[in-house]
Amino acid sequence: MFQWLAVSTNTYHGFSLEEALEGIAQAGFRYVELSCVPDWTLHFRCDRAKEEDFRKLRQKLAHFGLSVLSLSAHSNLATEEGCAYLVSALRCARELGARVVNTGTVDREEDEDLLRKHLEWLSREAGRCDVFLALEVHGDVFSSGRKLRELLEKVQLPYVGINYDTGNALFYGDVCPEEDLRICLPWVVHMHLKDKRGGYKVWDFPPLGDGTVDFPTIFRILWEGRKDIPLSVEIEFDGRFEHPRSFVDVAVQRSFQYLQRILEEGGYR
């Protein structure tokens with residue numbers, strides 16, 4: 001277990017994909033979550049990808065000894081445009097050998113019926129690609145694992161699960177991630193390992209180990225639940241993104257070292 005440790009290239013928001021891959025590889029990681037989010041961190045454009053684009057991406061990954069474990073393709077699932085982009089992301093994931101595509105959900109509670117309808121379509125597409133679609137704990141509507149569990153219990157769709165974001169559970173949901181994770185664990189297919197400082201709606205996501213998330217307990221819950229899933233480190237700092245790349249590199253390196261200590265002290269290796 002715990003062989004699928006990655007870093008989201010969103011951690012390198014504002015930097016090129018090459019810079020992100022270099023920093024992630026130098027820290028010791030061997031997997032990445034490729035950020036493919038238009039108007040945010042767009043390291044790969046799913047809906048315009050051609051064979052030449054995949055060839056160049058594979059070359060970059062091979063150069064740094066990395067593989068794509070998952071894709072981040074956050075979209076508004078209340079819109080057909082958002083769903084269409086996710087379909088392209090699912091197909092990209094299949095092409096790259098990734099296991100999961102992560103996304104947001106909807107921004108308004110009144111869009112939940114539309115969300116459920118669109119998820120039926122997306123689950124069929126995910127099944128064709130043999131890739132999980134993971135709904136992230138993110139935003140004010142689905143701000144906790146409990147709320148996503150309630151949604152998934154209603155729709156009961158194969159190939160649709162939860163991307164549990166430990167930092168977002170605190171930021172959006174104001175819940176204890178260690179307790180909330182237990183509630184939704186059977187539905188979790190991917191996790192963002194994200195630390196958090198400050199209270200509710202305080203944007204401060206530091207390197208792992210510098211915040212309040214109890215990651216040793218998080219790993220114990222995953223171990224007890226036999227959840228051998230992709231685990232992706234995501235560091236979003238203070239949200240201003242004014243730091244140099246060396247600052248990000250050090251944060252990723254420190255997070256890798258922190259994870260290694262947890263694995264060793266927990267007897268997981």
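The following conversation looks at one chain in a predicted model and asks how some of its descriptions are reached.

Visitor: Why is Ser8 called buried?

Guide: A residue counts as buried when its relative accessible area is under 20%, and because Ser8 has a relative accessibility of 1%, Ser8 falls into that class. Of the 269 residues of the chain, 57% count as buried.

Visitor: Where in the chain is Ser8 found, and which residues does Ser8 touch?

Guide: Ser8 belongs to strand 1, which covers residues 5-8. Leaving aside residues up to four places away in sequence, Ser8 touches Glu33, Ser232, Val233 and Glu234, where a contact means heavy atoms within 4.5 Å.

Visitor: What makes the approach of Ser8 to Asn10 a polar contact?

Guide: The side chain of Ser8 reaches the backbone nitrogen of Asn10 at 3.0 Å, and a polar contact requires a pair of N or O atoms within 3.5 Å, so the distance of 3.0 Å meets that cut-off.

Visitor: How many of the contacts in the chain join residues 24 or more positions apart?

Guide: Among contacts with a separation of 6 or more, such residues account for 77%.

Methods:
Residues are numbered from 1 along each chain as its sequence is written. This is a predicted model: local features need pLDDT of at least 70, side-chain atom pairs count only at pLDDT 80 or more; totals for chains, interfaces and linings use all residues. Side-chain values use heavy atoms; hydrogens and water are left out. Buried means under 20% relative accessible area, exposed over 50%, partly exposed in between (1.4 Å probe, protein chains only). Helices (H or I, at least four residues) and strands (E, at least two) are DSSP runs, numbered from the N terminus. A polar contact is a pair of N or O atoms within 3.5 Å; within protein, one must be able to donate a hydrogen and the other to accept it, and residues adjacent in sequence count only if both atoms are side-chain atoms.
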